Amino acid sequence: MIALVLRRRSRQKTNMSKPYRPRRSVLYVPASNSKALAKVASLAADSVIFDLEDAVAPDVKDDARELLRNYFLEHPTSTTERIIRINALASEWGAEDLLAARACRPDAILLPKVQTPKDVMNVAEVLEDTDASENIRLWAMIETPRGILNGEAIAELGLRSTARLDCLVVGTNDIAKETGTKLTKGRAVIMTWLMQIVLCAKAGQLDVIDGVYNDFADLDGFAAECLEALQMGFDGKTLIHPSQIETANAAFLPDASSVTEARAIVAAFDRPENSDKGVIALSGKMVERLHLDAARKILAKIGTIG
Ligand code: COA
Ligand code: MG
């Protein structure tokens, strides 16, 4: 009986071993813009999304693909995480985009307007059938009403290794377009949908990145939206302009007081008298082992980001 229980337990995926990968600042770069491409290497974004989809006009899709191929030939490796956003597989550009993206060997391919788990599995199967490296992961954009409603089933793919799914990205501009809602400061109107996407991502053990802030000249408004995103549980923000990178990197870095508190919690549980305790008092507050886990995560983040 106990062997049966242990066997079942070992089949369940846990996220304890997943190393932290910073995705605080995730910058879109239109693949058709050679000036912007040339700038990428000098930018401090954690991740860059080379876009073949909405930022590229239909009549320059072929040129954009060519520019991207050349870019990856000239820059075969990078310490920045690199993602390529392709057009939907069902669109007239999708198949060629997918083959071009696969050949570039990015860290991930971002699928736009994902509506069902099948939209992800179809691409995962093409990658599998063409023996694409396991290191090429998939990210999914949640930006349509159907995609939000199916968020739970889509995010569950995070628990299936064959799906390659690592991350959800929110497309706020498409959500507003598809639903007729307005993107106001504080995002009260769409907040329920955003939180639903965050919740789905957490259930699927996926990272989740917030949508863009269109007014790139308004850095105060952008900083406020980053703080809001952090409090909502997002891992980072997608960006449209280099001027937004520094603010996003600072916003999603644990602040000094949380780091001090995390160090104190770890030190307290390290004391011999607390080694077998599940709960202790620290500076007049109750601290449990779940707080110790959270404290260790904060210190791991700081250690990774430096
Ligand atoms: N990535 C890399 N470099 C960028 C960039 C980006 N997303 N956006 C601007 N730059 C570069 C410009 O090429 C320019 O370079 P230079 O100093 O060598 O001339 C510099 O940063 C300053 O740019 P600026 O003049 O302020 O902006 P712009 O008018 O050239 O471009 C946008 C404004 C919004 C068109 C541009 O930022 C952009 O295309 N952003 C991405 C849009 C996108 O991908 N949307 C799809 C997802 S929502
Ligand atoms: Mg979109």
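How far apart are the mean positions of the positive and negative charges of the chain?

1. Charges. The model is predicted. The chain has 38 positive and 42 negative charges. Their mean positions are 6 Å apart.

2. The chain holds 13 helices and ten strands. Its radius of gyration is 21 Å, close to the 19 Å from the globule rule for 306 residues, so the chain is as compact as a globular protein of that length.

3. Extent. The C-alpha trace spans about 70 × 55 × 40 Å along its principal axes.

4. Burial and surface. Of the 306 residues, 44% count as buried. The accessible surface of the chain is about 16000 Å². Carbon and sulfur atoms account for 55% of that surface.

5. Contacts along the sequence. Take the contacts between residues at least 6 apart in sequence. Of these, 70% join residues at least 24 apart.

6. A residue to look at: Ser 47. Find Ser 47 in strand E2, which covers residues 47-51. Is Ser 47 buried or exposed? Its relative accessibility is 0%, so Ser 47 counts as buried; the cut-off for buried is under 20%.

7. Neighbours of Ser 47. Which residues does Ser 47 touch, leaving aside those up to four places away in sequence? Pro 22, Arg 23, Ser 25, Val 26 and Leu 27 are among them. Ser 47 also touches Thr 80, Glu 81 and Ile 83.

Key. Residues numbered from 1 in each chain as written. Chains lettered and ligands numbered in written order. Predicted model: local features only at pLDDT ≥ 70, side-chain atom pairs only at ≥ 80, totals over all residues. Heavy atoms only, no water. Helix = DSSP H or I, 4+ residues; strand = E, 2+ residues; numbered from the N terminus. Rg over C-alpha atoms; globule rule 2.2 N^0.38 Å. Buried < 20%, exposed > 50% of the residue type's maximum accessible area, 1.4 Å probe, protein only. Contact = heavy atoms within 4.5 Å. Areas by Shrake-Rupley, 256 points an atom, 1.4 Å probe, with all protein chains shown as cover. Lys, Arg positive; Asp, Glu negative; His and termini not counted. Charge placed at Lys NZ, Arg CZ, Asp CG, Glu CD.
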